[in-house]
Amino acid sequence: MATMACPLAVFVAGIGAAAPVVWGRPAMWLVVQGLAVAVVVSACVSAAALWRRRLTPSWAVWLRLAPVGLAAVGFVPWAVWWGVAA
């Protein structure tokens with residue numbers, strides 16, 4: 001069996017006993033869902049703080065907000081594509 005040489009082939013084959021399952025979902029999938037929620041919440045909190053404080057654009061502000069913004073711009077569309085919220 002050449003397909004079983006790959007560790008991910010177990011998931012392709014549909015054998016659910018290979019990974020820990022919580023509430024009928026693989027534990028790693030729940031971790032990814034938690035990351036998706038954390039990215040959206042942190043992006044919203046950062047945007048609200050920026051709006052409330054009316055911070056002047058400086059390098060320090062951009063260096064703090066760039067990772068959150070890039071994560072939201074990159075991770076959220078990926079999560080929607082893969083159906084992480086489902």
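## Briefing: a nonpolar surface patch and its setting

Met28, Val31 and Leu35 form a nonpolar patch on the surface. Together these residues carry about 300 Å² of accessible area. The model is predicted. Mean pLDDT for the protein chain is 74.

**The patch**
- Val31 belongs to helix H2, which covers residues 27–53.
- Relative accessible area for Val31 is 45%, so Val31 counts as partly exposed.
- Patch membership requires over 30% relative accessible area and no salt bridge.

**Confidence**
- Across the protein chain, 76% of residues reach a pLDDT of 70 or more.
- Helix H2 has the highest confidence in the protein chain, at a mean of 83.
- Helix H1 (residues 9–13) has the lowest, at a mean of 50.
- Where pLDDT is low, predicted coordinates should not be read in detail.

**Fold**
- The protein chain contains three helices and two strands.
- Along the sequence, their order is α-β-β-α-α.
- Take the contacts in the protein chain with a separation of 6 or more: 59% of them join residues 24 or more positions apart.

**Surface and burial**
- The protein chain has 86 residues, and 14% of them are buried.
- Buried here means under 20% relative accessible area.

Terms used. Residues numbered from 1 in each chain as written. Predicted model: local features only at pLDDT ≥ 70, side-chain atom pairs only at ≥ 80, totals over all residues. Heavy atoms only, no water. Patch = residues over 30% accessible without salt bridge, like charges linked within 9 Å, V, L, I, M, F, W, Y side chains within 5 Å. Areas by Shrake-Rupley, 256 points an atom, 1.4 Å probe, with all protein chains shown as cover. Salt bridge = Lys/Arg side-chain N within 4 Å of Asp/Glu carboxyl O. Helix = DSSP H or I, 4+ residues; strand = E, 2+ residues; numbered from the N terminus. Buried < 20%, exposed > 50% of the residue type's maximum accessible area, 1.4 Å probe, protein only. pLDDT = per-residue confidence, 0-100. Contact = heavy atoms within 4.5 Å.
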